[in-house]
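Trainee: Before I use these structural labels in my notes, I would like to know what each one rests on. Could we go through them together?

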Amino acid sequence: MAEHVHQPLEEEIRSIAGYYMVLEEGVLEYRDRRILYLVQMAAIETSCCGRGGMGFIYVPGYVTALKARRNRDGLWVSDVERVEGEEDRREITRLLRARHPGFNQVNFA
């Protein structure tokens, strides 16, 4: 089991070359289980090789306890189980792309 720390929606999370932002959090029903996913975007604005951006979907895993507790920073923490099977990853990717057209990249934790 792993922990997922929920970031505030639509707030910039800074990195060395720019930032990323969680636009939406969702739960997808899949084979009698729930998949936690995040629709995100990243902006590169301080890189030596140019500027750019992209949208993507991040999948922390199967939810075992959604927003079960808060960490010391006050952020919600969920317990998740990683999606390991390639067939499951392909099917979840297909379902998420259908739900969010234009977001072709799906990354699994």
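Mentor: Happy to; the questions below take the labels one at a time, and please keep in mind that this is a predicted model.

Trainee: Let's begin with the helix. How do you know what span to expect for H1, residues 86-99?

Mentor: The expected span is 1.5 Å times one less than the number of residues. H1 has 14 residues, for which 20 Å is expected, and the distance from its first C-alpha to its last is close to that, at 20 Å.

Trainee: Which residues of H1 are called buried, and what makes them so?

Mentor: They are Asp88, Arg89, Ile92, Thr93 and Leu96. The label requires a relative accessible area under 20%, so each of these five falls below that cut-off. Viewed down the axis of H1, the buried residues fall within an arc of 130°, so they line one face of the helix. Glu87, Arg90 and Ala98, on the other side, are exposed.

Trainee: What do the buried residues of H1 pack against?

Mentor: Four strands: E3 (18-30), E4 (33-47), E5 (50-70) and E7 (106-108).

Trainee: Why are E3 and E4 called paired strands?

Mentor: Pairing needs at least two bridges, and 12 join E3 to E4, so the name applies; the two run antiparallel. Tyr20, for example, stands opposite Ala42 in E4. Their hairpin has 2 residues between the strands, and Arg31 takes a positive phi near 50° there.

Trainee: And what makes E4 and E5 a pair?

Mentor: The cut-off again is at least two bridges, and E4 and E5 have 10, in the antiparallel sense, so they qualify. Leu36 has Gly61 in E5 as its bridge partner. This hairpin, too, has 2 residues between its strands.

Trainee: Why is Lys67 called partly exposed?

Mentor: Its relative accessible area is 36%. Buried would be under 20% and exposed over 50%, so Lys67 belongs in between. Lys67 lies in strand E5, and its contacts beyond four places in sequence are His6, Glu25, Trp76, Val77 and Ser78. The C-alpha atoms of Lys67 and Ser78 are 4.6 Å apart, although 11 residues separate the two along the chain.

Trainee: Last one: which residues touch the most other members of the largest nonpolar core?

Mentor: Of its 14 residues, those are Ile35, Tyr37, Ile57, Val59, Ile92 and Leu96. E3, E4, E5, H1 and E7 each give two or more residues to this core. Beyond four places in sequence, the contacts of Ile35 include Val59 and Ile92.

Technical notes
Residues are numbered from 1 along each chain as its sequence is written. This is a predicted model: local features need pLDDT of at least 70, side-chain atom pairs count only at pLDDT 80 or more; totals for chains, interfaces and linings use all residues. Side-chain values use heavy atoms; hydrogens and water are left out. Buried means under 20% relative accessible area, exposed over 50%, partly exposed in between (1.4 Å probe, protein chains only). The arc is that of the directions from the helix axis to the C-beta atoms. Contact means heavy atoms within 4.5 Å. A nonpolar core is a set of buried Ala, Val, Leu, Ile, Met, Phe, Trp, Tyr and Cys residues joined through side-chain atoms within 4.5 Å.
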